[in-house]
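Try each task before you read its solution.

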Amino acid sequence: DPDIDIRKYLARVADLLDGVQQQLAGDLPEVQHELAGNVALNAEIQQRLHETGDVQTLSALACNQAVIVLLQTRLADDNNVEVRTRLAHNPVLAGPIADKLIDDVEVVQEALAGNRHLSDVQYLRMYKAGSAKIREVLAGNTGIGEDLMTLICQTKATADSGDPLGNSDSTTFLGYMSTIKPFMSWQEQSPAKEKLVLAASGNLPAHLQSVLLTEGAQSEPLLEALAGNSTLTKPVQQALAGQKSAKVRGRLAANEDVDIDILRQLLSDPVAEVRAALLRDWCMDRAMEVELARDKDASVRCAVAAKDYSGKTAQLLLANDSDIIVRSHLLKREKCVSTLHTQTQEMLARDSYQPIRELLTAYPKLKPSVQLLLAKDPVASVRLKLVEASSCLRQLTLESQRILAKDHDSRVRQELARKLFGPFAIPSGEDVQLTLVGDPDVRLAIIASLRYGSTRVSDAVKERLIEGLDDDTRQTVEEMLNSCEED
């Protein structure tokens, strides 16, 4: 195919025929890049791409989970660090190749340390020989075995960035630190970074969770890290829920893998930030959500109101909240992925506080019934903002247009005219257009808004609009209106 994008797409197709592989292997480098990552490649094509490919092709080949061991060996000797780094990430990396990459430069070692498919012996070797960064990456690798996790749990806190295994030259200083350790407050002690990483993200067996929980009695950062772990047993969760530190309880409350019974206990936590941390955008327990919507602290209720996904009951409670800031948060959602319930919108459209109603006019998913309420609002600025916020993508309903076209404030009628007759005009009905063109306060705004090809009008609207105009203006207006019909 003459289109290179078609050939690039073909190069990624599963079960690619050998003859097609052969042809694409001699194609442009852009096509070779795509082909090199295809797991359907036979050994011959893999070797050909290795011999002729550029760095990008070799990098794609190094990531390929079907790459043969012979090529893994050659790629491990490649001069380009990026190629070796990509190879280190490959989950099908052969044992001898991994052994070789353990002694590579640190960026390659770091990639290898994150590979979840190595042996326990290899992980242990990397841990003992690697830098602090390598040990941290290993601690976060859910593929490491229990022996290495136990070793990490046994690392002691250090006063500097030295080796947490005790392999530094600062033995005298650490000895001195151990003599004053009983006099240090538990907040002052910092566990080794890899222990914090393991506590937060490791696939910890129950007994190691208990070990870290016990040690955490002398280290708030360790407990806080542990509270975020997704594999916690219920007894450990219960113990963390009873900790004095609000940071620990807050981290536990935010953990989406905590048992629902533990989360319900935290609903009565004395600290507002902990209760707010219970909120979820997805899969939120509706009973808990309602409890939080009734929370005594306005900051918690604001957090519920700002959620992208919330149930009808919670929305109605918040729309009726005594705090103006809480009600306004219903309309300040960042993503606005979900739509506020119709009844919620209607309550906000009747809100006694004018700025709430003005804020509602800009809500991107207004229901037709809510548009009508706002179009009839007693305050002109609310009605004006409703029209200003409308567009061809956020259209006003015909019924709302009919009401606004007869608004007693000329500013509202003029703005509506600009929206219905200007560029990217909102679709409208002949009766609305006739009402506006017959309005002496609006007619000039309509003429000023017209553009070539902007909006279609009926003959009756056209005649009413050009009536009484001077010859030059009449000719220009007719040309603009006729251009719409030609389009």
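**Exercise 1.** Where is the place of glutamate 467?

Solution. This is a predicted model. Start with the helices α33 (459–466) and α34 (471–486). Glutamate 467 sits in the loop between them. Next, look at its surroundings. Glu467 belongs to a surface patch of negative charge, together with Glu430, Asp459 and Glu463.

**Exercise 2.** Find the loop that holds aspartate 15, then decide: is aspartate 15 buried or exposed?

Solution. Aspartate 15 lies in the loop between α1 (4–11) and α2 (18–25). Its phi is positive, about 55 degrees, although it is not a glycine. Now take its relative accessible area, 69%. Exposed means over 50%. So aspartate 15 is exposed.

**Exercise 3.** Which residue forms a salt bridge with glutamate 289, and is glutamate 289 buried or exposed?

Solution. First, the partner: arginine 286, with the closest N and O atoms 3.0 Å apart. Second, the position: both lie in helix α21 (residues 286–293). They are three residues apart, about one turn of the helix. Third, the accessibility. Glutamate 289 has 1%. Buried means under 20%, so glutamate 289 is buried. Arginine 286, at 42%, is partly exposed.

**Exercise 4.** How many residues apart are arginine 86 and glutamate 82?

Solution. Both are in helix α7 (residues 81–89). They are four residues apart, about one turn of the helix. Arginine 86 is partly exposed at 32%, and glutamate 82 is partly exposed at 36%.

Notes:
Residues numbered from 1 in each chain as written. Predicted model: local features only at pLDDT ≥ 70, side-chain atom pairs only at ≥ 80, totals over all residues. Heavy atoms only, no water. Patch = residues over 30% accessible without salt bridge, like charges linked within 9 Å, V, L, I, M, F, W, Y side chains within 5 Å. Areas by Shrake-Rupley, 256 points an atom, 1.4 Å probe, with all protein chains shown as cover. Salt bridge = Lys/Arg side-chain N within 4 Å of Asp/Glu carboxyl O. Lys, Arg positive; Asp, Glu negative; His and termini not counted. Charge placed at Lys NZ, Arg CZ, Asp CG, Glu CD. Helix = DSSP H or I, 4+ residues; strand = E, 2+ residues; numbered from the N terminus. Buried < 20%, exposed > 50% of the residue type's maximum accessible area, 1.4 Å probe, protein only.
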